[in-house]
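Subject: Handing over a structure

Dear colleague,

I am passing this structure on to you, and I would be grateful if you read it alongside the notes below. They start with the terms and then go through what was found.

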Amino acid sequence: MPEENEAIEGEVIEPAGSSGLALPQPLFPDTLYLLPLTERPFFPAQTLPLLMNMGPWLETVEKIGETEHKMVGLVLVRPNTADEVTPQDFFATGTAVHMHHPVRTEGKIQFIAEGQRRFRIVKWLSRAAPYLAQVEYISDSRGANSDEVKAYAMAIINSIKELLPLNPLYSEELKFFLNRFSPNEPSLLTDFAASLTTASKEKLQEVLEALNLKKRMEKVLVLIKKELDVARLQSQIREQVDEKMTKQQREFFLREQLKAIQKELGLAKDDKTAEIERFQERLGKLKLTESAQKRVDEEMQKLSLLETGSPEYAVTRNYLDWLTQLPWGKYSRDKLDLKRARRILDRDHDGLDDVKGRIIEFLAVGALKGEIAGSIVLLVGPPGVGKTSIGHSIADALGRKFYRFSLGGMRDEAEIKGHRRTYIGAMPGKFIQAIKECGTQNPVIMLDEIDKVGASYHGDPASALLEVLDPEQNSDFLDHYLDVRFDLSKVLFVCTANQLDTIPGPLLDRMEVIRLSGYITAEKVAIARHHLWPKQLEKTGLKRGELSISDAALKHVIDGYAREAGVRNLEKQLGRLVRKSVVKRMSGEAGLARINVAQVEDYLGKPLFTREKPLSGVGVVTGLAWTAMGGATLSIEATRVHTRNRGFKLTGQLGDVMKESAEIAYSYVSSHLKEFKGDLKFFDEAFVHLHLPEGATPKDGPSAGITMATALLSLARGQKIPRPLAMTGELTLTGEVLAIGGVREKVIAARRVKIMELIMPEANRRDFDELPEHVRDGVKVHFARQFKDVVKVVFLQ
């Protein structure tokens with residue numbers, strides 16, 4: 001299809017022997033090859049580049065190039081496409097033009113057409129492309145000099161002058177026309193004026209076919225007047241648009257300059273538009289749920305309608321700020337490499353092999369599934385055994401973000417589930433705050449001291465935790481502040497506790513319990529050497545080579561000053577040693593480069609704990625107890641006060657369960673004296689006093705049953721226990737020995753006081769066998785099903 005266009009570089013179409021540019025011939029040929037035009041006719045006064053499809057018209061162009069005159073007839077056709085036209089589609093009148101520089105490129109043919117004369121088709125010589133026709137040329141009265149024609153010419157010229165300021169393109173075309181023709185040629189001037197208009201192709205074809213110059217000028221004057229009116233209207237509309245755009249641009253640039261100035265001066269303030277844009281920018285990076293998106297859209301609409309001074313504006317803004325800062329759809333990728341996880345656990349912790357094994361098992365299951373989700377781990381153990389640091393290591397091993405907050409003393413349910421937005425200062429709960437700070441939907445969240453959650457008239461936080469820590473429910477966790485569902489099912493919850501007694505049953509049921517018992521001396525030495533001592537040196541600015549401590553000194557600190565199950569107090573004592581050394585150095589005294597056993601007492605004073613020597617004698621037995629601080633040994637004493645009357649007295653701040661256990665022991669031993677070779681009349685005449693030392697310390701539990709029974713039997717037989725021996729187990733009225741808890745802690749407590757022979761219930765054999773090798777090493781354990789098994793071991797009968 002022909003189009004006006006600029007010249008396109010390409011392959012020049014020239015026949016053999018062609019000299020390139022075709023020079024104008026003095027005579028016009030009687031036959032012309034024809035090319036169709038679809039948009040508008042071509043006038044003799046025009047010189048323009050034309051573009052045509054190569055497929056149907058390449059042969060025609062090549063035929064034209066083979067002629068001497070290099071002329072072609074351009075004729076308007078009725079259809080809007082020219083590729084499949086027939087002779088019936090051509091108008092009868094066209095324009096003969098010289099073809100210059102035909103080139104082809106990208107399936108198109110382009111050439112420059114220089115208009116010459118009108119012609120009329122007389123006869124079709126070829127009715128298929130390339131079209132060839134016999135033509136006759138029309139005289140256009142180019143030299144008409146009548147006054148009326150001159151008047152029309154002046155009117156056309158004046159109209160063109162009015163068009164020039166409205167469209168700069170007209171001035172370029174006028175210059176091109178004046179370079180070729182004189183303005184005193186009315187026929188060419190009329191054709192030029194017609195070519196400037198945007199009239200329909202039918203109207204322009206009528207101008208081309210008008211042979212009478214005066215009528216042609218009348219038609220062109222009407223068209224150019226219409227063009228002038230349209231151009232004026234376009235100019236007016238453009239001016240209005242430009243004025244509006246100029247005002248908006250001016251305001252925009254002024255606002256931007258104002259913002260820049262305020263930013264430089266530190267005076268920039270966020271307005272409503274900036275807030276909305278900031279929220280929209282955040283939302284573009286998130287994948288909200290359908291309900292959350294709906295709520296955000298509603299709140300954004302509300303925010304756009306509120307005035308910035310309105311109290312509701314601040315509430316809505318804060319709400320949107322929270323909603324858009326939550327990591328909707330953002331997850332960190334888990335690192336489920338078990339070797340790497342083991343390496344991190346070994347790097348951060350010495351000992352705790354059983355706990356590390358449980359954690360590796362937990363991670364292995366996650367690696368098999370491809371994700372760790374819906375998991376709640378509870379680490380239970382005495383203070384200072386590394387529960388919190390284990391949580392850090394789990395997060396590090398998984399490559400997840402870590403967030404910790406303490407539940408100790410928490411009494412308000414809103415701390416868990418958030419405040420409702422109706423309250424001033426309302427905020428989301430701790431879990432939503434943790435998710436926001438971590439920036440992912442699958443962090444590791446540590447709930448510290450879950451066994452110390454309180455309850456008050458504000459609500460019961462422990463009950464509120466049931467929803468959070470239930471994998472079946474927390475995928476649709478509803479925070480009161482957000483009031484939209486948020487998925488917590490991908491979060492790994494790690495809880496810590498010192499004991500399980502105060503944790504509600506339904507909450508405990510949702511957790512996987514991993515117990516962390518106390519450390520033996522060898523483990524404490526390793527922890528101190530690898531972690532605690534370097535940490536204290538770093539705190540004081542000392543280098544490792546400037547101060548060291550021997551293993552013997554470490555053991556002395558552990559046995560004499562830090563005998564508890566954990567290592568927190570040990571860290572304090574090592575800190576005191578380092579600070580004392582720094583004081584001596586800064587005072588100018590010769591500071592010690594290595595701390596030995598002798599210097600420990602100089603720096604720390606006399607040991608707080610002397611070496612425990614288990615009590616011995618008739619009616620004295622060593623028992624094993626579990627406390628929140630770890631395991632402990634307990635010497636139980638029984639003595640006969642007098643023989644005036646029968647009686648039984650208990651002291652030592654015992655709990656109800658332990659009192660009942662003592663009563664059971666007294667009743668069982670009294671009724672089985674003959675079987676156990678005791679004085680049959682002993683308890684009938686004696687007032688017996690049973691005491692558990694350290695009376696200021698509350699004691700409870702049934703695990704001292706066989707210990708108290710053995711003490712009473714020792715008193716009745718008048719025979720002391722012949723060797724160091726400790727025992728633990730619950731006793732029934734029928735003499736059965738039932739299972740107890742805290743096996744590891746109790747074994748460690750016995751090792752601490754060098755008691756290596758123990759009696760435990762048969763039901764706890766599995767627990768003992770599962771202890772690490774270094775804890776069981778050298779310990780001889782007798783397992784008893786009934787109390788008579790205990791008697792055989794104790795009294796060797």
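Helices and strands here are DSSP runs numbered from the N terminus, a helix being H or I over at least four residues and a strand being E over at least two. Please keep in mind that this is a predicted model, in which local features need pLDDT of at least 70 and side-chain atom pairs count only at pLDDT 80 or more, while totals for chains, interfaces and linings use all residues. Residues are numbered from 1 along each chain as its sequence is written, and side-chain values use heavy atoms, with hydrogens and water left out.

**Confidence**

The predictor's confidence in each residue, pLDDT, runs from 0 to 100; its mean over the protein chain is 81, and 89% of the residues reach 70 or more. Confidence is lowest in strand 1 (residues 11-12), with a mean of 44, and highest in strand 24 (residues 757-761), with 93. Across residues 1-26 the pLDDT stays below 50, and this stretch has 63 contacts in the model beyond near neighbours in sequence, a contact being heavy atoms within 4.5 Å.

**Overall make-up**

The protein chain holds 27 helices and 25 strands. Of its 797 residues, 48% are buried, where buried means under 20% relative accessible area, exposed means over 50%, and partly exposed lies in between (1.4 Å probe, protein chains only). Among the contacts with a separation of 6 or more, 76% are between residues 24 or more positions apart.

**A parallel sheet and the cores**

Five strands make an open sheet in the order 9-10-13-8-14, with parallel pairing; two strands count as paired if DSSP finds at least two bridges between them. Strand 9 (402-406) and strand 14 (512-515) each have a single partner strand, so they stand at the edges and one side of each is left without a neighbour in the sheet. On average, neighbouring strands of this sheet are turned by 20° against each other, direction ignored. Strand 8 (residues 375-380) is joined to strand 14 by four bridges, and Val377 stands opposite Glu512 of strand 14. Helix 14 (residues 430-438) packs on the sheet, where it touches strand 9, strand 10 (444-448) and strand 13 (492-497), and its direction makes about 150° with that of strand 9. These angles run from 0 to 180 degrees between N-to-C directions, with axes fitted as lines to C-alpha atoms, for helices over the stretch in contact.

A nonpolar core is a set of buried Ala, Val, Leu, Ile, Met, Phe, Trp, Tyr and Cys residues joined through side-chain atoms within 4.5 Å. In the largest one, which has 54 residues, Phe431, Leu447, Ile450 and Leu469 touch the most other members. Not counting residues up to four places away in sequence, Leu447 touches several residues, including Phe405, Phe431, Leu469 and Cys495. A second, separate core has 49 residues, among them Val444, Met446, Ile514 and Val557.

Cys495 is buried at 0% relative accessibility, and Cys438 is buried at 5%. The structure holds zero disulfides, a disulfide being a pair of cysteine sulfur atoms within 2.5 Å.

Strand 24 is mostly covered, since five of its five residues are buried. Strand 24 pairs in the parallel sense with strand 21 (residues 726-727) over two bridges, Met727 having Ile759 as its bridge partner. With strand 25 (residues 780-784), strand 24 again pairs in the parallel sense, over five bridges, and Leu758 stands opposite Val781 of strand 25.

Arg744 lies in helix 24 (residues 743-752) and is buried, with a relative accessible area of 6%. Leaving aside neighbours within four places in sequence, the contacts of Arg744 include Asp354, Ser517, Glu523 and Val775.

**Local backbone details**

Lys754, in the loop between helix 24 and strand 24, has a positive phi of about 65° although it is not a glycine, and this lysine is exposed at 52% relative accessibility. His101, found in strand 5 (residues 90-105), also has a positive phi, near 50°. Finally, a cis peptide bond joins Ala129 and Pro130, with omega about 0°, and Pro130 lies in the loop between strand 6 (108-126) and strand 7 (132-137).

With kind regards
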